[in-house]
Amino acid sequence: MTVHGGRGRANAPHANSGVEPSSRRTILKAATVMSGAALLGACGDSSRSPVKTTPRGIIVTDQRGKTVVFDRPVSRVVTVPIPAASMLIAVDRSAHRLVGMQDASWTAIHDGILGGIFPEALAVRHDVANEEFAPNVESILALDPDVVVQWGDHGSEIIAPLENAGLTVVGLSYGTESDLTAWIRLFGAMVGKPTRARDMLARLGSGAREMRSVADAQTAPAPKVLYFLRFADGLEVAGMDTYNDYYIRLVGATNPATGADAVSGFAAVDIEQVLAWDPDIVLLGNFDTAMPADVYGDSIWQAVSAVKAKRVYKVPFGGYRWDPPGQESPLMWRWLSQVAFPQDRLSDLRARIVSTYLFLYGHPPTRQQIDDILWIEVNGGSAGYQQFRAR
């Protein structure tokens, strides 16, 4: 195709009462997307660039292997994959090219910090696809997009209607560091900011190297960290070949779901299995409504070491959820490292958030915004969390 032409709430940014039931269901669909493929955390071959600039224009090879040509940077983008809207905003450092997104993407922007930084994003139309990511072609056509970003590995039935309508589609996959690298490069090329994309990738690389160095220097025993994709409505944990297992190992901890009685991908388990694993730390993901207080207050969990030691934590929620791979992943790695190996002194994570947000979004978050991102009040009763409070 050739292109011609160029936390939205004040006091309770994570309050579940602000999300309609249909939106909650849509958010949980994201978890299914995450578990639909082998989510290997290791970086793939990042030397092969999916983009090229030639006299013909900007040539993009999407993750289906399909080549798309733009004669200039795009100015109107519709995104369907849930993390894509926030990532596009980060790469562009702006929301002005985003003209449509899936409802769960809008909910994440509304419930996270981006709605406050980029209030114009809250006005973007978000009826472009249903909970199964099937496109609303009529709505998308009305937006006159230069490109539609869609899942490329969820079947032709969610792409064919778009292409049959004459729309240009870039198909994506998701779940690994390699996918994250590809997304940033693709988005950087499409919006005419390849240098910024390279800078973002350099930060991701240096963050991973730093975490490996920190992990190698740890002398304390490696704690067992168990991540729950779902908790409130049935237990589902991250096992082998998940991105969550990748960063648990990256910071020098261990994942009991990959040891004895190991599970692969995201797997449903029962309380007896969790008791057998007996994690030292429990992470509650942002694709579920469970909070640490829910776990501490339930008698069935009292025998678990993480509960006895008050080491249950809600994963932070910033420009997007920190659970899956994203532009803020180095912050997740540092947070988890300091949760797993708590410091006697105050953490420098808050300063890292400020510098990262200035780079990604051009916005230095306030003290209250950082508290909201880190769930300071929600996690305040958990061990070691005082290290993340403001000085």
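**Confidence and overall composition**

I began with the confidence of this predicted model: the protein chain averages a pLDDT of 88, pLDDT being the predictor's confidence in each residue on a scale from 0 to 100. I noted that 85% of the residues score at least 70. I then looked at residues 1-48, where the pLDDT is below 50. Beyond near neighbours in sequence, this stretch has 124 contacts in the model, a contact being heavy atoms within 4.5 Å.

I recorded the conventions: residues are numbered from 1 along each chain as its sequence is written, and side-chain values use heavy atoms, with hydrogens and water left out. Because the model is predicted, local features need pLDDT of at least 70 and side-chain atom pairs count only at pLDDT 80 or more, whereas totals for chains, interfaces and linings use all residues.

I looked up the secondary structure and found 15 helices and 12 strands in the protein chain. Both are DSSP runs numbered from the N terminus: helices are H or I with at least four residues, strands E with at least two.

I looked up burial next: of the 391 residues of the protein chain, 57% count as buried. Buried means under 20% relative accessible area, exposed over 50%, and partly exposed in between, with a 1.4 Å probe and protein chains only. The protein chain exposes about 15000 Å², of which carbon and sulfur atoms supply 51%. These areas come from the Shrake-Rupley method with a 1.4 Å probe; for residues, only the protein chains shown count as cover.

**Helix 13 against helix 14**

I examined how helix 13 (residues 329-340) packs with helix 14 (residues 349-361): the angle is about 175 degrees and the axes are 11 Å apart. The axes are lines fitted to C-alpha atoms, for helices over the stretch in contact, and angles run from 0 to 180 degrees between N-to-C directions. Helix 13 and helix 14 are therefore roughly antiparallel; under 35 degrees counts as roughly parallel, over 145 as roughly antiparallel, 65 to 115 as roughly perpendicular and the rest as oblique.

I listed the contact residues: Leu331, Arg334, Trp335 and Gln338 of helix 13 meet Leu349, Arg352, Ile353, Thr356 and Tyr357 of helix 14. The residues of this contact divide into 5 nonpolar, 2 polar and 2 charged. Here Ala, Val, Leu, Ile, Met, Phe, Trp, Tyr, Cys and Pro count as nonpolar, Asp, Glu, Lys and Arg as charged, and the others, Gly among them, as polar.

I followed the chain into the loop between helix 13 and helix 14, where Asp348 lies. Asp348 counts as partly exposed at 27% relative accessibility. Leaving aside neighbours within four places in sequence, Asp348 is in contact with Arg334 and Gln338. The C-alpha atoms of Asp348 and Gln338, 10 residues apart along the chain, are separated by 9.9 Å.

I looked up Arg350, which lies in helix 14. Arg350 counts as buried at 9% relative accessibility. Apart from neighbours within four places in sequence, the contacts of Arg350 are Arg367, Ile370, Asp371, Leu374, Ile376, Phe388, Arg389 and Ala390.

I located Gln369 in helix 15 (residues 367-373). Gln369 is buried, with a relative accessible area of 19%. With neighbours within four places in sequence left aside, Gln369 is in contact with Ile113, His363 and Pro364.

**Helix 9 and positive phi values**

I found helix 9 (residues 243-250) mostly covered, with 7 of its 8 residues buried. The buried residues of helix 9 are Tyr243, Asn244, Asp245, Tyr246, Tyr247, Ile248 and Leu250. Gly252 follows helix 9 and has a positive phi near 100 degrees.

I kept in mind that most residues other than glycine have a negative phi. Asp241, in the loop between strand 9 (236-238) and helix 9, has a positive phi near 65 degrees. Asp241 counts as partly exposed at 34% relative accessibility. Lys310 likewise is not a glycine and has a positive phi of about 55 degrees. Lys310 lies in the loop between helix 12 (305-308) and strand 12 (312-314) and is partly exposed at 38% relative accessibility.

**Ser139**

Ser139 is buried, with a relative accessible area of 6%. Not counting residues up to four places away in sequence, Ser139 touches Arg125 and Asp127.
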